[in-house]
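Subject: The structure to look through

Hi,

Here is the structure I promised to hand over. Have a look at it first, and then read on for what turned up.

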Amino acid sequence: MGNTSNQVIDKKSVKQLFLNSEDFVSVDVDWPTGKGILCYYSSLADVTEVNKQITIIRQRASEKMSNWGKTPVSNVLPYSEDELVKAVCSGQTVIIFLDSKVMLTISVQSSFCRSPEEPGNEQAIRGTHDGFVENTQQNITLIRQKLARNDLVIKSITIGKGTSINLTYLYIDSIANKEVVQLFESRLQEIQKENIMNSGEIQDYFDESVLTPFPQFLNTERPDRVVFNLMEGKIANFINNSPTALIAPVSFFTFYQSSDDFNKRVMIGSFYRLLRIMSLVMALYLPAFYIAVVSFHSEILPIEISKKVKLAINEIPYRPIIEAMIMELFIELIREASIRLPKPIGQTIGVVGGLIIGDAIVSAGLVSNLMVIVVALTAISSFVVPSVEMNMALRILRFPFMLAAALFGFFGMAIGTIVLVIHLLSLSSLKQPYFAPFVPLDTSRFMDVFFRVPYSKFHKQQKTFSFMKKKKGRKS
Amino acid sequence: MLTLSRIQFFLLLFVVQTGTVFVSFQHRLIIEAKTNSWVVFIIAGIFHYIQILLYEKYYERFKPGRLVAGLYIAYWSLTIVTFLAYLNYTLSVWIFPNTPQIVTMVIIVGVSLYANMTRIETVINLPATILPLFPIFILFLFMAIPDLVWTRLFPLDLTDIIPLLKGLFMAQATFLGIEFYLFFRKYVIQKVKGMPLFIYQSAWFFFFFTILVFILLFYPINAIDFLPEPLLNILKSQKVTFVERLDLFFLFIWVIWSVVAITLYFFMCVQARRIYFNNESKFLTILSHFLLIIISSFFATKDRSNFLREIIVYPQLLFTIVIPLIVILMNRRNKK
Amino acid sequence: MSKRLLPAFLLGLLLLGGCWDEAQYKDITIVPVMGLTNGDKEGEVKAYFSYPTFEEETIKYAQSEGTGVSTRAAREDASHHTMEALDVSHLEVLMISSDMAKKNVYPEIDMFFRTPRNRITSYVAVVEGDMKQYFNPPGDFKSEVANYYPELLRTGVLYTYITVSTMENAAKLLFDETIDLTLPYLIIDENGLPALDGIALFSNNHFTGQTLRKQEAILAGMMKNKLGKYTRLSYEWKEKDSPITVQVIKVNRKLKISDERVKMKFDIDISVDEFPKNDLYKKQTRREAEKFLSAEIKKDFEKVLTTTQEAKSDVFGVGRKVHAFHQDLWKKGDWRETYSTLSIEIDVKVNLKRTSILD
């Protein structure tokens, strides 16, 4: 800032500062207090609205009001090149006053944003059908509308050197744990200097263990999901120009809640929640179980099924693990291909892949029809999870289980389970235990994992992590 | 400092105590005490309660020095070797006759190493995760109820005292790990005395007693000689519609249970080293795991694992009764 | 370094020929039915196997036989001329020839009972005569041996023709001093087809040669208080000049032992399944029926009891109570001898609970 005083500011030098960009406009203006230079990006500013505001502010200036520059959309700052660049780049219109070395910023950006449509990858049958958009202000509006309380704290911090990423985070002061908020903020301080482009990178900086398939942030584009989690005492954060909210701290079972559950009847909601937990077990164990049975423990099959199984696998040339790998690879290929392709073709690929190749691969004798059933069931179960990240984690995890089953049968699966549990126990999200409420055991919220407990029965504020009690087993 | 909640503490104690002995202790108890073994076990249960009450009363005075802590580490290592050898021997008999024992050994100890290398909370909370296995196990066991013959509890013959004492001695196997109480009681932040302790004692007693009585009622006495793990055989004879061979699932429940117990013993060694020697070296943790694999592999044959299981009772009596007594008394004299 | 080696290691595992204890199901032939008989030489065992084979996506059935010094050796011998190794871990029925059963049968069962991989819920049965003809019945046999015997015995248990006689049960009772074993008894009937004839009585650990046939076997099941799902008895009611068929709902057995005298008291709840005379709506007739049935059943029970006493086979487990509470009687001598001379009094009371629709 020191170098501004001995430098001549004029239209040209300002234009130079913005490298003579075609959409950069700088014109001289007359002002009641002296001469000024008006500059803005024509691509970012809403010009007609700016004109109106300038007229109003000029009026205030000529009436000699003491704070003529301070209005809801404008502000007066001391001039500096950095501030100028920052303001103009964020779409504000700036008037630089050469005599007094101050600048007036008017933030009337022209904004193009889509309407808050329901996000494609998180659909709900009943419940609100709105979703976040690429504009943080509008996203916060969506949340505020649902949470009419004054203790919803919204803070924002700018991080990064070259890129000016604006991170906005929200929490409810009376519910969220102070320690967690402090921890979150201190982490933010640490990464303020880093060069960050998108929310995925922020996740990496925040994760306590990077080498794990399990997500430690919940990604969502649904306002109702964010509100629900805020009410449980979590912190949500947005990056500007991204429709995704990151929620932390989360537990493993957070990923299994869907906003649909709460709009269903108690029994039906509970049934589907149980189904989802069962799908977790299926997605992890089914192929491994099948492999273990046919290569180690065939004696556990009742004789009637046993004959069918034997008939199916008798003339398959490969061992079950290879069979399973072929099929899994096949399913992953179909999935990946159908994401990339436009929707109508994607469906065709699904049909071609699923029906035609699936049938052909069985009649060619490469893979047994039982394996096709097993792999298909597993794939379906893994898609039941209402979170994309967790779905990915499950799909990755079943490969080690399959391998363990192929090597040691049920013993391999048992050991794999213990290792997985130990891993889950050692994980934490913002220093909160990841495997809550199982560990540390909280019986009061235990039921909530498996069943949709009636709302009328909630007696105390539901929190994912009970902060009231002193945390157990922790070094203090 | 380490802190434990009441539930965590009792769960840890329970898994350490039940661990691997719950499939094996009945065989030898019944061989010694025959039909009287259920009476013998009730007496053992009373002893257990007295012992644990005394522990509760004097645990604050139990302040071992480095020598004693070192001795305990050695004793726990011996216990680990015994368990590992037995577990591997049983595994090789039941499911892995051809797999080299070193492989299963490495896998099991590897789990313990992994758990002990992560945060302390991980191991402390580990018993809570195997809690769901408990009702499954009990459910499987209760399916055998129609096959029980209650007259097998009789006749009682309490006149001959020698087999009873021998049985009582065998029942000591279920006390294994009780010294955990002395070491970790002081980290518990909630009230333990009175009701909670009684509930733990009841849980301990009914767990072992139910299994013992089921075995007594299920098999004629002389069949027990033929079955080293009668509990596994009970479950094997249950027929359910969806799957044959229920025992296999149970066998793996037992494997998981044992692996967790072994992990906890390792944990005790690591913690004792941390608390009494101020040593948190990861290298030593790895080395100790590695060494115990080698030693246990040597003992994983029928003769040697049996030998270990027979002799483990003597150091157990030494370390659960004699040494605590000496340490507590010494401490008392020092105070005066 | 180690991180780079890990994927290579995993890949190696994948391509590896399999693990040490792998037993690929496609390389095993499961044997549902097996028969054991004495071999030609002293101490030899001859084993017959019936098993499904899978070729060209159809199931066929094949048979094989082998001899050896033990059951396992006989199996190894048979495996020499089967395509895949025979695996008895799926065994559904083990048949033992009556000649073989007349010695101690436990040694033959032991291999099945104590090998961890084997299931112990399979049935054990004793067959009369030559074992070979049970695998190739001389008559016009329509179904497959491998399916026939398991179904036959399952039905037998369901209708109380036999009581549950699994491997595990048999092994346990062979060990048990206080009760004797019964096993299903199979014969080749006059049409040359294998059929369930009743139960074989064991004494201590060997087959006595005595059997209880058809309705006697059902009555023995009632006396043991081990009923299947359906238990039907038929009698010719001479006074009324009509047959009567009843279904047993519940049996309540009380055993009283005092001074070497045993009293067995039965309370039997029945429902009438068939009585064409149709006058059960009269209370009088119902009482008469109860009286008639009580007398008939008592008579039959006594007959069954005499047979078992003659065979020195305490299949009803009188010994259990004696062993537990009457040590003086138990220690009098060998229990089987004591049992055969014991005076046992039977008392039967039939309660007609339902008359089905046959009012």
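Two residues are in contact if their C-beta atoms, placed from the backbone, lie within 7 Å. By that rule, 30 residues of chain B are in contact with 24 residues of chain A. Please keep in mind throughout that this is a predicted model.

**Where the chains meet**

Let's stay with chains A and B for a moment. On the side of chain B that touches chain A, at least two residues each come from helix H1 (6-18), helix H5 (101-117), helix H6 (120-129) and H13 of chain B. Which of these gives the largest share of that side? The answer is H6(B), with eight residues. Sorted by class, the side of chain B that touches chain A has 19 nonpolar, seven polar and four charged residues.

Chain A also meets chain C, in a contact made of 23 residues from chain C and 19 residues from chain A. If you want to find it on the screen, look in chain C for helix H1 (2-15), strand E1 (28-30) and strand E3 (45-55), the elements that give two or more residues to the side touching chain A. H1(C) gives the most to this side, with three residues. Here the classes come to twelve nonpolar, four polar and seven charged residues on the chain C side.

**Chain A as a whole**

Chain A holds 15 helices and twelve strands. Its C-alpha trace spans about 100 × 55 × 40 Å along the principal axes. The radius of gyration of chain A is 29 Å, whereas a compact globule of 476 residues would have one near 23 Å. Of the 476 residues in chain A, 38% count as buried.

**The nonpolar cores**

The largest nonpolar core has 188 residues, and those that touch the most other members are Ala288(A), Ile291(A), Leu84(B), Ile215(B) and Leu264(B). Helix H13 (residues 246-277) of chain B supplies the largest share of this core, 17 residues.

Apart from its neighbours within four places in sequence, Ala288(A) is in contact with Arg398(A), Phe401(A), Met402(A), Ala404(A), Ala405(A) and Met413(A). There is also a second, separate core of 89 residues, which includes Tyr48(C), Phe49(C), Leu196(C) and Met223(C).

**The two domains of chain C**

Chain C is divided into domain 1 (22-230) and domain 2 (232-359). Taken over C-alpha atoms, the centres of these two domains are 30 Å apart. How many residues of each domain take part in the contact between them? Domain 1 of chain C brings 23 residues and domain 2 of chain C brings 24. On the domain 1 side, strand E9 (194-203), strand E10 (206-213) and H8 of chain C give two or more residues each. H8(C) gives the most, with seven residues. That side of domain 1 has eleven nonpolar, eight polar and four charged residues.

**A few backbone details**

Two peptide bonds deserve a look. The bond from Ala248(A) to Pro249(A) is cis, with omega near -10°, and Pro249(A) is in the loop between strand E10 (245-248) and helix H8 (266-295) of chain A. Phe154(B) and Pro155(B) are also joined by a cis peptide bond, with omega about 0°. Pro155(B) lies in the loop between helix H7 (133-142) and helix H8 (161-171) of chain B.

Leu19(A) has phi near 55° and is in the loop between helix H1 (11-17) and strand E1 (24-31) of chain A. Is Leu19(A) buried or exposed? Leu19(A) counts as exposed, because it has 7 C-beta neighbours inside 10 Å, and the cut-off for exposed is 12 or fewer. Asn225(C) has phi of about 60° and is in the loop between helix H8 (214-223) and strand E11 (232-237) of chain C. With 14 other C-beta atoms within 10 Å, Asn225(C) is partly exposed.

Enjoy exploring!

How values were computed:
Residues numbered from 1 in each chain as written. Chains lettered and ligands numbered in written order. Predicted model: local features only at pLDDT ≥ 70, side-chain atom pairs only at ≥ 80, totals over all residues. Core = buried A, V, L, I, M, F, W, Y, C linked by C-beta atoms within 7 Å. Buried ≥ 20, exposed ≤ 12 C-beta atoms within 10 Å, placed from the backbone. Helix = DSSP H or I, 4+ residues; strand = E, 2+ residues; numbered from the N terminus. Nonpolar A, V, L, I, M, F, W, Y, C, P; charged D, E, K, R; others polar. Domains from an automatic or database assignment. Rg over C-alpha atoms; globule rule 2.2 N^0.38 Å.
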